[in-house]
Amino acid sequence: MTDPIPGALLDSRMDRVLEALLTPRRRKVLFLIKRSEPRPVVDFLPRNASGSRTVEIALHHTDLPRLERMAYIDWDRDANEVAKGDRFNEIEPILNLMDNHADELPADWDPCDS
């Protein structure tokens with residue numbers, strides 16, 4: 001008999017977690033606010049100028065709104081800052097797992113590479 005799949009992996013909340021982690025930009029937002037918050041939105045933009053306007057548009061119109069709807073972040077548009085949302089504790093164990101085991105990933109993998 002095979003070992004059963006852990007229930008947490010089949011829980012619908014795991015679908016939400018995996019959706020939140022789907023893009024490098026979202027992972028970057030989540031990892032940075034895990035380390036310190038609130039963070040100015042500019043922290044999530046690339047340091048180089050090439051393509052930064054496109055990234056900024058996607059961040060403001062896709063990534064931040066999606067993470068906010070999921071309640072992983074609170075986005076203060078007036079202050080242009082992001083902090084942990086009401087459900088951040090749901091995703092934080094996965095972020096910790098990824099962070100603590102990053103050395104086990106292939107050397108050329110960067111979880112926040114865009």
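Contact means heavy atoms within 4.5 Å. By that criterion, residues 24 or more positions apart account for 57% of the contacts in the chain with a separation of 6 or more. The model is predicted: local features need pLDDT of at least 70, side-chain atom pairs count only at pLDDT 80 or more, and totals for chains, interfaces and linings use all residues. Residues are numbered from 1 along each chain as its sequence is written, and side-chain values use heavy atoms, with hydrogens and water left out.

The chain comprises 5 helices and 3 strands, taken as DSSP runs numbered from the N terminus (helices H or I, at least four residues; strands E, at least two). From the N terminus, their order is α-α-α-β-α-β-β-α. Of the 114 residues, 32% are buried, that is, under 20% relative accessible area with a 1.4 Å probe, protein chains only.

The largest nonpolar core holds 24 residues. Such a core is a set of buried Ala, Val, Leu, Ile, Met, Phe, Trp, Tyr and Cys residues joined through side-chain atoms within 4.5 Å. Leu-30, Ile-73, Val-82 and Ile-91 have the most contacts inside this core. H2 (12–20), H3 (24–35), H4 (52–69), E2 (73–76) and H5 (88–100) each supply at least two of its residues. H3 gives the largest share, 5 residues.

H3 and H4 pack at about 65°, their axes 10 Å apart. Axes are lines fitted to C-alpha atoms over the stretch in contact, with angles from 0 to 180 degrees between N-to-C directions. H3 is therefore roughly perpendicular to H4 (65 to 115 degrees).

How values were computed. Buried means under 20% relative accessible area, exposed over 50%, partly exposed in between (1.4 Å probe, protein chains only). Angles under 35 degrees count as roughly parallel, over 145 as roughly antiparallel, 65 to 115 as roughly perpendicular and the rest as oblique.
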